[in-house]
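Please show me the model, and let us then work through its packing in questions and answers.

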Amino acid sequence: MTAEKIVVEDMLTQDDLEMEQVKGTIADMHVHSGHSNDSTCPMEDMVQAQIARGTKIMAFTDHFHIIHYPEFDIFKPISGSCAEAAELAKKYAGQCQILTGVEVGERMWYPEAWDKMKEMCQYDVVIGSVHLVRHPGYEDYYSRMKFSEMPIEEIYKYMDHYFDD
């Protein structure tokens, strides 16, 4: 009987074994529900779908669009999202860890709204985003911008505003 040479690359750690046993998505940390303007899906339907896929952790990070402050009640959707996520976390404990979160856009425009939002909930996840840029003549969501129709100099100015924000 001869001994075989074992190299480090051939060895599996306990972490490797556990990862190989996981089926489906491990975590989905950026989920928008019917509490966001870009989704109509009920939170519980999303939780059930994630559990069916084998997801172990998910975070509801509904939009907090500061751009709509003070014209609209931007706090109510986040308050509802937090409360519902907490209820679902209890209901589905052991099946999927459900985290409470928020995606905050343009927080620097209205610091008082940002401060109020921070106190509303005990967030597990906070995502910062910039969906809008204040640039003369081009004040729309950047996903709607027609950069191909803009002069290159204007694109550079626009991007300067983006990074300044």
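This is a predicted model: local features need pLDDT of at least 70, side-chain atom pairs count only at pLDDT 80 or more; totals for chains, interfaces and linings use all residues.

Residues are numbered from 1 along each chain as its sequence is written, and side-chain values use heavy atoms, with hydrogens and water left out.

Student: Are α3 and α4 roughly parallel or roughly antiparallel?
Tutor: The axes of α3 (residues 75-91) and α4 (residues 111-120), helices being DSSP runs of H or I with at least four residues, come within 10 Å and cross at roughly 20 degrees. Axes are lines fitted to C-alpha atoms, for helices over the stretch in contact, and angles run from 0 to 180 degrees between N-to-C directions. Because angles under 35 degrees count as roughly parallel and those over 145 as roughly antiparallel, α3 is, relative to α4, roughly parallel.

Student: In what order do the four strands form the open sheet?
Tutor: The pairing is parallel, where two strands pair if DSSP finds at least two bridges between them and a strand is a DSSP run of E with at least two residues. The edge strands, each pairing on one side only, are β1 (27-31) and β4 (125-129). The order is β1-β2-β3-β4.

Student: Is Thr100 buried or exposed?
Tutor: Thr100 has its place in strand β3 (residues 97-105), and the residues it touches (heavy atoms within 4.5 Å) include Phe60, Cys82 and Tyr123. Since buried means under 20% relative accessible area and exposed over 50% (1.4 Å probe, protein chains only), Thr100, at 8%, is buried.

Terms used. Angles under 35 degrees count as roughly parallel, over 145 as roughly antiparallel, 65 to 115 as roughly perpendicular and the rest as oblique. Lists of a residue's contacts leave out its neighbours within four places in sequence.
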